[in-house]
2 protein chains.
Amino acid sequence: MESWPPGGSGPAEAGRRPRGLRGADLAASASLLSGAGAEAGCSAPAVAAVLPAGGSGERMGVPTPKQFCPILERPLISYTLQALERVSWIKDIVVAVTGENMEAMKCIIQRYQHKGISLVESGVTRHRSIFNGLKALAEDQPNCRLSKPEVVIIHDAVRPFVEEDVLLKVVTAAKEHGAAGAIRPLVSTVISPSVDGCLDHSLERARHRASEMPQAFLFDVIYEAYQQCSDYDLEFGTECLHLALKYCHIKAKLIEGSPDLWKVTYKRDLYAAESIIKERISQQICVVMDTKEDEEHVGHRLEEMLKNELNHVKVTSGRDIQQIILEQCYNFVCVNVMTSDFEETQKLLNMLEESNLSILYPVVVISVQFLDYESVPFGQKMENLMQIREFAKEVKKRNILLYGLLVYYPQDEQKLQESLRQGATIIAALIKERNSGLVGQLLVA
Amino acid sequence: MESWPPGGSGPAEAGRRPRGLRGADLAASASLLSGAGAEAGCSAPAVAAVLPAGGSGERMGVPTPKQFCPILERPLISYTLQALERVSWIKDIVVAVTGENMEAMKCIIQRYQHKGISLVESGVTRHRSIFNGLKALAEDQPNCRLSKPEVVIIHDAVRPFVEEDVLLKVVTAAKEHGAAGAIRPLVSTVISPSVDGCLDHSLERARHRASEMPQAFLFDVIYEAYQQCSDYDLEFGTECLHLALKYCHIKAKLIEGSPDLWKVTYKRDLYAAESIIKERISQQICVVMDTKEDEEHVGHRLEEMLKNELNHVKVTSGRDIQQIILEQCYNFVCVNVMTSDFEETQKLLNMLEESNLSILYPVVVISVQFLDYESVPFGQKMENLMQIREFAKEVKKRNILLYGLLVYYPQDEQKLQESLRQGATIIAALIKERNSGLVGQLLVA
């Protein structure tokens with residue numbers, strides 16, 4: 001069990017902390033946290049999170065509620081859970097889902113190996129769902145592993161990109177002020193219509209903000225507010241900060257959040273989320289070579305070309321593949337210089353299959369072979385290499401996307417340069433798109 | 001010259017009206033329009049549009065102003081111009097750009113063949129840019145082809161998905177009320193902070209709306225408002241409807257807009273816009289066959305498979321390719337049953353090159369060959385087919401993305417079914433992603 005107060009996110013945990021802040025960055029702000037349970041190593045859970053996820057997603061215009069819409073074949077809510085559970089000092093996460101989706105939610109938790117999640121039934125409105133989550137935390141029942149936290153975070157299931165730093169900021173501010181919430185500048189001017197559908201007045205944009213998530217509260221404050229509040233509030237209200245103000249006279253501290261906090265609301269937001277996730281997992285490529293000798297050979301030259309052409313991507317040599325897998329690299333280029341079979345690629349695939357790396361994201365593996373047209377009959381070589389299709393079919397079941405790449409290796413230096421460049425372009429395209437429809441293809445540079 | 005009032009968007013014009021409403025739908029609302037210049041065939045331009053495009057795009061976090069960010073290699077503002085110029089009854093479009101971007105804007109207009117665009121220099125704020133646009137329309141100078149419109153639309157350069165119906169609605173309402181603007185429900189609750197950064201109060205979400213674009217005004221109303229308004233308004237204001245209310249006592253009519261009206265503000269919005277555009281141009285696939293005989297042959301079976309597998313996509317036979325090009329189909333599958341060369345593909349490529357279809361969007365062409373492994377040496381066939389790389393390189397210069405697809409044609413019925421299905425999957429993947437890094441590749445199903 002982790003200690004409280006948080007001193008950072010600790011060492012990276014496989015599949016769990018791909019984008020957390022570094023410990024040192026957080027330690028500074030974490031020292032602001034004080035109060036009950038602040039003794040080092042105290043086992044009392046101080047912070048819990050409640051996630052209302054009972055919405056129907058009617059604005060999305062699709063039948064699936066938006067929190068269950070797939071992004072790279074994984075439901076959106078799983079990304080949000082991943083973002084919260086990688087924060088070591090959040091002890092419990094309570095998710096409120098409809099009875100109808102309870103089983104589906106259990107499957108998601110099991111399949112993506114989420115930890116520390118409790119499920120409660122949602123209410124018919126957002127406020128009622130949150131209230132149900134708070135009740136589960138408040139009730140100190142003998143058979144329940146949940147216990148009342150000091151601070152509770154309220155977040156949305158459809159804001160998957162929340163970072164540890166903003167969570168820490170709202171929690172720290174909630175401890176001091178009783179309540180806190182993330183805000184963003186308004187993108188559009190807000191207006192007030194009159195009853196006849198005409199403009200009554202417009203609000204000055206600079207004086208207003210959009211209230212976003214996450215928010216955090218002293219548990220006793222927000223639980224009191226929900227217990228006191230009217231049926232009208234529970235039915236039509238949209239703002240937890242408002243309840244804390246109205247019923248507990250707590251003026252929430254407002255924290256400027258990053259643009260990443262935006263809420264997946266429309267279909268276009270799903271597109272945006274998919275592109276952002278693809279971009280994030282494409283930042284590192286590990287090049288695995290079947291030889292460690294001769295820095296001048298064509299495999300190293302391809303690696304150099306990748307570094308030059310993809311200068312926004314970190315290209316690393318795969319000396320210690322186990323370590324690189326632990327660091328959550330999702331892209332591998334397996335360069336076969338000495339051999340023209342798939343032995344090295346298969347070794348890599350075996351390691352990946354054993355690692356569970358591909359549970360959360362599809363992993364791209366590109367097996368590269370070189371070919372001198374003049375010394376080997378081109379067609380015959382390709383025919384041999386077509387067996388990659390069978391391997392690809394097999395590993396796709398485990399979310400590994402395998403492609404083949406044949407790089408032309410002519411004697412002419414300029415032509416070689418050109419085919420290496422094209423090879424780098426193809427590798428970049430495959431990693432960027434992560435297209436499962438093209439697995440098993442043998443591409444030619 | 002088109003007549004006023006608008007009776008619909010007229011016949012489709014190549015490259016110009018891919019998603020306009022049908023004439024009949026519009027005629028109904030158009031009949032609401034009346035007033036000056038309403039005689040059929042009257043040559044006076046009644047409606048113009050002003051597009052402020054002087055922004056620096058600081059929220060995007062990229063050096064290029066967002067209106068010039070490329071989507072499928074074409075600047076965002078060109079999509080917005082395309083959306084406005086396909087509306088026949090908008091006579092003039094005035095774009096306000098910084099002196100610095102004036103030349104770049106001229107190049108965009110020339111390269112993408114935009115018509116009826118005038119450029120003015122932008123001001124340092126949005127309101128000043130709009131005012132400059134209005135001045136250009138108001139001044140009846142002898143050498144200027146612009147003349148004062150009855151109604152002026154104000155739109156944003158970064159809202160590329162505006163449809164003709166909402167433009168017509170705001171123009172119609174502006175004629176009646178003097179001013180009108182599109183609105184949307186609020187996605188987040190709006191709050192008002194106090195000076196110490198805490199919550200002062202929150203606004204009831206249901207009673208407020210986000211003010212979006214387009215807006216429309218009787219020209220005399222909005223021009224008067226801009227002439228009257230204070231420097232403070234010009235410097236810090238964000239809302240044209242507010243100026244009409246404050247200086248001309250005009251209460252704008254508010255029109256519920258669709259989610260498509262959203263403003264490209266952050267990097268994620270560029271991702272979303274790109275995905276939406278890719279989706280829109282992937283709705284139709286034209287299958288061109290090198291034979292018209294024998295409905296039972298494998299080419300027709302591939303076409304049937306495409307129809308079954310891609311049931312959201314319209315798959316048409318390319319009987320009259322010229323007509324299909326005119327209708328803006330951006331995806332072609334060239335099926336070679338009788339021959340195993342690229343003659344048919346080249347014919348198609350020539351027609352596409354002559355048509356200018358690929359000026360606005362990249363056109364995908366997939367050349368399909370069938371192969372019976374048992375009767376032809378596989379390697380040799382592939383070797384012949386590799387010449388597709390040279391064609392692909394050539395046509396890519398004209399924004400045509402050419403790929404090859406080899407479909408395995410075994411005697412076994414079940415296996416054939418499987419390779420046709422895989423062929424359809426690959427075709428769908430290539431069309432959906434429109435990846436220029438993979439052009440010239442020969443894929444195998």
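Predicted model: local features only at pLDDT ≥ 70, side-chain atom pairs only at ≥ 80, totals over all residues.
Chain A has 445 residues, and 58% of them count as buried. If you take the contacts in chain A between residues at least 6 apart in sequence, 76% of them join residues at least 24 apart. The accessible surface of chain A comes to about 18300 Å², and carbon and sulfur atoms account for 49% of that area.

The largest nonpolar core holds 229 residues, and the ones with the most contacts inside it come from both chains: I77(A), I90(A) and F332(A), together with I77(B), I90(B) and F332(B).

In chain A, the axes of helix α6 (residues 219-228) and helix α8 (residues 240-248) come within 9 Å and cross at roughly 80°. Angles of 65 to 115 degrees count as roughly perpendicular, so α6(A) is roughly perpendicular to α8(A). On the α6(A) side, the contact is made by V221(A), I222(A), E224(A), A225(A), Y226(A) and Q228(A). On the α8(A) side, C240(A), L243(A), A244(A), Y247(A) and C248(A) take part. Sorted by class, this contact of α6(A) with α8(A) has nine nonpolar residues, one polar and one charged.

Most peptide bonds are trans, and most residues other than glycine have a negative phi. Against that background, M213(A) and P214(A) are joined by a cis peptide bond, with omega about 5°. P214(A) sits in strand β10 (residues 209-218) of chain A. In chain B, the peptide bond from M213(B) to P214(B) is cis too, with omega near 5°, and P214(B) lies in strand β10 (residues 209-218) of chain B.

Where do positive phi values turn up? N356(A), which is not a glycine, has a phi near 65°. N356(A) belongs to the loop between α12 (343-355) and β15 (363-371) of chain A, and it is partly exposed, with a relative accessible area of 39%. R434(A) also has a positive phi, about 50°, although it is not a glycine. R434(A) is in the loop between α15 (413-433) and β17 (442-444) of chain A, and at 5% relative accessibility R434(A) counts as buried.

Our last stop is Q441(B), found in the loop between α15 (413-433) and β17 (442-444) of chain B. Is Q441(B) buried or exposed? Q441(B) is buried, because its relative accessible area is 2%, and the cut-off for buried is under 20%. Not counting residues up to four places away in sequence, Q441(B) touches Q422(A), I426(A), L443(A) and V444(A) in chain A, along with Y403(B) and G404(B) in chain B. Finally, the C-alpha atoms of Q441(B) and A392(B) are separated by 8.6 Å, with the two residues 49 apart along the chain.

How values were computed. Residues numbered from 1 in each chain as written. Chains lettered and ligands numbered in written order. Heavy atoms only, no water. Buried < 20%, exposed > 50% of the residue type's maximum accessible area, 1.4 Å probe, protein only. Contact = heavy atoms within 4.5 Å. Areas by Shrake-Rupley, 256 points an atom, 1.4 Å probe, with all protein chains shown as cover. Core = buried A, V, L, I, M, F, W, Y, C linked by side-chain atoms within 4.5 Å. Axes fitted to C-alpha atoms, helices over the stretch in contact; angles between N-to-C directions. Helix = DSSP H or I, 4+ residues; strand = E, 2+ residues; numbered from the N terminus. Parallel < 35°, antiparallel > 145°, perpendicular 65-115°, else oblique. Nonpolar A, V, L, I, M, F, W, Y, C, P; charged D, E, K, R; others polar.
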